[in-house]
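Please look over the structure below. The report that follows goes through it part by part.

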Amino acid sequence: MKKILIIEDEMNIAELERDYFEINGFQAEIETNGETGTEKAINGSYDLIVLDLMLPGIDGFEVCRRIRAHQEIPILMVSARKDDIDKIRGLGLGADDYITKPFSPGELVARVKAHLARFERLTGSTKLTNTEVKIRGLHLDKLSHRVYLNGQEVDLTSKEFDLLALFASEPDRVFTKEELFEKVWGLDSIGDISTLTVHIRKIREKIESDPSNPQYIETIWGVGYRLRA
Ligand code: CA
């Protein structure tokens, strides 16, 4: 079930939105201020954020900027003022869409559905849920930390798993070696980037039928690697 986070301080509006999402088969949660909303959006596993612009504490502009620094999920901005819409566009905050109040709940749901569908097309993966990814014969379950290849469980170390899960979070996206190393081993880890190369080789030995001609983790020469969707 798709999970939506509503960041909105007006409780009656937030509840109306939530009810409509639930009627339409979504799961929805409400946060009423910018700080906690940002935190939840970044640390949670939501499929889309509905973000009100006028919030107590940090406003929707700043919330959008902060979420975008960490997450690429669709953000739908909500505003009561037409002027704000120009501002959202002008700032290039990375909001995916905007809707002005008052809007009909039906319109909101339709927009959300369209964005979820578009996002899925863009990421090119079959995200069964937030915790499972299936790419051809490869099946990754983040909750149980298990990986299956053509139905057979593959035994990965935790770093190998983290690495593969990172690739699987954005299939087809090219990650640089530095980026992968930073994200999996942590910014302050003292290490050698060749550790990464070793791990990639190990994963390939486990999931590729021919590790010298990989069908999953591809080397993009001079750039990095990607998991082919
Ligand atoms: Ca508000």
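## Calcium site

In this predicted model, Asp9 has a relative accessibility of 32%, so Asp9 counts as partly exposed. Asp52, at 3% relative accessibility, counts as buried; the cut-off for buried is under 20%.

Both residues are protein donors of the calcium ion, through OD atoms, and Met54 is a donor through its O atom. These donors lie 2.1 to 2.3 Å from the ion. Their spacing in sequence is D-x42-D-x1-M. Asp9 sits in the loop between β1 (3-7) and α1 (11-23), while Asp52 belongs to strand β3 (residues 48-52), so the pair ties together parts that are 43 residues apart in sequence.

## Parallel sheet

An open sheet is built from five strands in the order β2-β1-β3-β4-β5, with parallel pairing. Its edges are β2 (27-31) and β5 (97-100); each has a single partner strand, so one side of each is left without a neighbour in the sheet. From one strand to the next, the twist averages 20 degrees.

Strand β4 (residues 75-79) runs parallel to β5 and is joined to β5 by four bridges. In this pair, Leu76 of β4 stands opposite Asp97 in β5. Helix α1 packs on the sheet, where α1 touches β1, β2 and β3, and the direction of α1 makes about 170 degrees with that of β2. Helix α3 (residues 60-68) also packs on the sheet, touching β1, β3 and β4. The direction of α3 makes about 175 degrees with that of β4.

β8 and β9 are paired in the antiparallel sense over four bridges, and Leu140 stands opposite Val147 in β9. The two strands form a hairpin with four residues between them. In that turn, His145 has a positive phi of about 55 degrees.

β9 also pairs with strand β10 (residues 152-154), again in the antiparallel sense, over three bridges. Tyr148 has Glu153 in β10 as its bridge partner. The hairpin of β9 and β10 has two residues between the strands, and Asn150 there takes a positive phi near 45 degrees.

## Gly137

Gly137 is placed in the loop between β7 and β8. Leaving aside neighbours within four places in sequence, Gly137 is in contact with Tyr148, Leu149, Asn150 and Tyr216. Pro56 is 81 residues from Gly137 along the chain, and the C-alpha atoms of the two are separated by 47 Å.

## Antiparallel sheet

Another open sheet has three strands in the order β11-β13-β12, with antiparallel pairing. Its edge strands are β11 (175-176) and β12 (217-220), each of which pairs on one side only.

β12 and β13 are joined over four bridges in the antiparallel sense, and Ile220 stands opposite Gly224 in β13. Helix α6 lies across β11, β12 and β13 and runs at about 70 degrees to β13.

## Nonpolar cores

The largest nonpolar core has 28 residues, of which Leu163, Leu164 and Phe167 touch the most other members. At least two residues of this core come from each of β7 (132-135), β8 (138-141), β9 (146-149), α6 (158-169), α7 (177-185), α8 (194-207) and β13 (224-227). The biggest contribution is that of α6, with seven residues.

Apart from neighbours within four places in sequence, Leu163 is in contact with Leu180, Val184, Trp185, Leu196, His199, Ile200 and Ile203. There is also a second, separate core of 20 residues, with Leu5, Ile7, Ile75 and Ala95 among them.

## Packing of α7 on α8

The axes of α7 and α8 are 10 Å apart, and the helices pack at an angle of about 85 degrees. Therefore α7 is roughly perpendicular to α8. On the α7 side, the contact is made by Lys177, Leu180, Phe181 and Trp185; on the α8 side, by Thr195, Leu196 and His199. Of these residues, Leu180, Trp185, Leu196 and His199 are also in contact with Leu163.

Key:
Residues are numbered from 1 along each chain as its sequence is written. This is a predicted model: local features need pLDDT of at least 70, side-chain atom pairs count only at pLDDT 80 or more; totals for chains, interfaces and linings use all residues. Side-chain values use heavy atoms; hydrogens and water are left out. A nonpolar core is a set of buried Ala, Val, Leu, Ile, Met, Phe, Trp, Tyr and Cys residues joined through side-chain atoms within 4.5 Å. Buried means under 20% relative accessible area, exposed over 50%, partly exposed in between (1.4 Å probe, protein chains only). Contact means heavy atoms within 4.5 Å. Two strands pair if DSSP finds at least two bridges between them. Axes are lines fitted to C-alpha atoms, for helices over the stretch in contact, and angles run from 0 to 180 degrees between N-to-C directions. Donors are N, O and S atoms within 2.8 Å of the metal (3.2 Å for Na, K and Ca); water is not among the atoms, so sites may look incomplete. Angles under 35 degrees count as roughly parallel, over 145 as roughly antiparallel, 65 to 115 as roughly perpendicular and the rest as oblique.
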